[in-house]
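Work through the exercises below with the sequence and the model in view. Each task is followed by a solution in steps.

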Amino acid sequence: MTFTYENFNWFGRENSWTEPCAVVDSFILATELYKITGIKDYLTLSRRIWFNGLQFCQRKNGGAGPNTCVTQDQRILKISMYEAPFCCTMRYAEGLAEYTRNASLFIWDSTAKTVTDEFGKKFKDDKLIVKYNGKEVPIFSCNEFSREQAMAIELKI
């Protein structure tokens, strides 16, 4: 997984891209494993996939598209392709259905303490803290921006 809890399209190659269709599979699996086992690590994983991967994959038109792979050495997150309607958008709908069925698991607490993981990434209640326009803010969905604005967004993890 990338630092944003997405997949590598080309098995660990930092210079490739993510695929929301595969990220949805990880999201569904982690959510269902939590519901079956009650193991909190699965819930944390599911929430981090949702907040940091899938929400940034959604575009303003409702579709989904791939992003850059964020790693220890490559810490910039940006859109690599605006939308892939033939696969990512269709599979993203399954992710939205999973989220809707389990929405109570994904209520975000903006007052939570900020914690840092072993890679130096900061989280506020499972949302990555990113640098955007000179400020540190929780990661957001890029779907509030026009296509042109969204394509220009760069977040430093």
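This is a predicted model: local features need pLDDT of at least 70, side-chain atom pairs count only at pLDDT 80 or more; totals for chains, interfaces and linings use all residues.

Residues are numbered from 1 along each chain as its sequence is written, and side-chain values use heavy atoms, with hydrogens and water left out.

**Exercise 1.** Classify the angle at which helix H2 and helix H3 pack.

Step 1. Locate the helices (DSSP runs of H or I, at least four residues, numbered from the N terminus): H2 covers residues 40-57 and H3 residues 85-101.
Step 2. The angle is about 135°, and the axes are 11 Å apart.
Step 3. H2 is therefore oblique to H3; angles under 35 degrees count as roughly parallel, over 145 as roughly antiparallel, 65 to 115 as roughly perpendicular and the rest as oblique.

**Exercise 2.** Describe the aromatic pair of Trp 50 and Tyr 99.

Step 1. Rings of Phe, Tyr and Trp (its six-membered ring) pair if their centres lie within 6.5 Å; planes under 30 degrees apart count as stacked, over 60 as edge-to-face and the rest as tilted.
Step 2. Here the centres are 4.3 Å apart with 10° between the planes, and the pair is stacked.
Step 3. Trp 50 lies in helix H2 and Tyr 99 in helix H3, so the pair ties together parts 49 residues apart in sequence.

**Exercise 3.** Is Trp 50 buried or exposed?

Step 1. Buried means under 20% relative accessible area, exposed over 50%, and partly exposed in between (1.4 Å probe, protein chains only).
Step 2. Trp 50 has 6% and is buried, while Tyr 99 has 26% and is partly exposed.

Conventions: Axes are lines fitted to C-alpha atoms, for helices over the stretch in contact, and angles run from 0 to 180 degrees between N-to-C directions. Helices (H or I, at least four residues) and strands (E, at least two) are DSSP runs, numbered from the N terminus.
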